[in-house]
Amino acid sequence: MSKPPRSFTAAEEKKAPPATATADQRNKRREAPTTVLSLNPDILCIVFAFLNMFDLVRCSLVCKLWNSVLESRSLREFYERRLKDSSTFPSSSYEFAEKPLRVILGDVAMQQHRLALQCGGVYVDQWKGHSTSVAQCRMKRGILVTGVGDKVIRLWSLDSYRCIEEHSIPHLFPFVDFDFDESKIVGLIGSHLCIWRRNGKRSMFPSLEGKFVKGSCMRYFDPEAVVGCDDGAVRIFDMYSRTCSQIIRMHYAPITCLCLGEDQVILSGSTLGSITISDPSSVQQVATLRSSDTRGIRTLCFNPSSQLLFAGSAVGYTYCWDLRTRKLLWGNRVSPNVVYSLQHLQSDTSTLAVGGIDGIIRILNQNDGNVVSSCCLEDKLLSTYQSPTFIQRRKGRRLPEDAINIDIIPTTARPSITCLAVGMKKIVTTHNTNDIRLWKFKCSTPTL
């Protein structure tokens, strides 16, 4: 038997809030939505406690509020207990009372990165990133940029393997080299410089009436782009006036590679095997570093944390100089053939990743140049999935230390590495094919 509908009295009608007031409240809530900055610091501490160390270091740089929360007593005590319970990273080596927590966690994260590259498990995700060959890659702040080969530059998210941006290249000119930052991509195209802004606009520098000979490499640090040319000189271009501000003679042979040191010091390698250091502020050559390799330097990498300069040569040697003393610290032959690329994580002072024509990724100790680990790819396919790009996952294989003859390893497992970029526990490689590979290194110890 159904109940009769309830009847409301006039008194009850007076107590009921008007409909317009309820709508106003809803609109007010829409106008002032709850954000993460509205959370109580105690709640933020609980959220931060679930993050790994590297993500915590990133969070400390977001704003002053988050940094103060990370330096709170409760969170410091929480991570101090976790470090004490860790047998791999004893907290006795860290002075919690004297160091900021983000510095302590950053040191431990670097230790885990080093161990992962040296002895952890390796998995490789591979996808077809371009229609034809791709020879270069750059990685900054979790964004990967690939190009050179076909007429397109692509930006990738390594979390989803999704192409988040694509920029076309003028068909009239060959694509030589590129660099990028948060707002723009700068490319060397034939004898021209081109800027692609992240908002989609493209602009090309005007012709320099024959003053700009063929360029072979380029590096960019706002507001200037530095181009190494075949006549042995570097040309410095101002990104805003779009003019060549300086021409510095650095070699008597073609320049093969460039990198930028602190205070915009320019370091360049040549086909003669020498490395020249120049200071644009004084428009003169500062010093010349010489190697035993007369067939040329192919790649350079500078570590501002340790003031060390690393170089790879055309016959498989890697070198290390201390720029404070200009002395050669070590030089080892790590590969039987050309070293095309070497790189390290920005704040890492222990490991150096090296790749070249033989297709083997080698992890070197930055202090002595010894190879601590070598990796190649196994042929067996583990899985495939769409994410949204079609991804093939294989397992990486660590080679034994006494493995000298790499000819027995199939070339399909070690295509030539034309370029590599290093991230936290990962390395991206290109091989002058349309494939891009992401090497993921798993730390053998628990992640704090």
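How many salt bridges does the count come to? The count comes to twelve. The model is predicted. Points on selected pairs, and on one surface patch, follow.

1. E166 and R154. Their side chains meet in a salt bridge, at 2.8 Å from N to O. This pair links distant parts of the chain: E166 sits in strand β5 (residues 162-168) and R154 in strand β4 (residues 152-157), twelve residues apart. E166 is partly exposed, at 49% relative accessible area. R154 counts as buried, at 16%, because the cut-off for buried is under 20%.

2. R324 and D322. A salt bridge joins these side chains, with 3.1 Å from N to O. R324 is exposed, its relative accessible area being 58%. D322, at 10% relative accessibility, counts as buried.

3. R362 and D358. Here the closest N and O atoms of the salt bridge are 2.9 Å apart. R362 is buried, with 8% relative accessible area. D358 also counts as buried, at 4% relative accessibility.

4. D125, R393 and K440. Salt bridges with shared partners join these residues into one network.

5. Nonpolar surface patch. L39, I43 and V47 form a nonpolar patch on the surface. Together they have about 210 Å² of accessible area. V47 lies in helix α3 (residues 41-48). Is V47 buried, exposed or partly exposed? V47 is partly exposed, because its relative accessible area is 41%.

Methods:
Residues numbered from 1 in each chain as written. Predicted model: local features only at pLDDT ≥ 70, side-chain atom pairs only at ≥ 80, totals over all residues. Heavy atoms only, no water. Patch = residues over 30% accessible without salt bridge, like charges linked within 9 Å, V, L, I, M, F, W, Y side chains within 5 Å. Areas by Shrake-Rupley, 256 points an atom, 1.4 Å probe, with all protein chains shown as cover. Salt bridge = Lys/Arg side-chain N within 4 Å of Asp/Glu carboxyl O. Helix = DSSP H or I, 4+ residues; strand = E, 2+ residues; numbered from the N terminus. Buried < 20%, exposed > 50% of the residue type's maximum accessible area, 1.4 Å probe, protein only.
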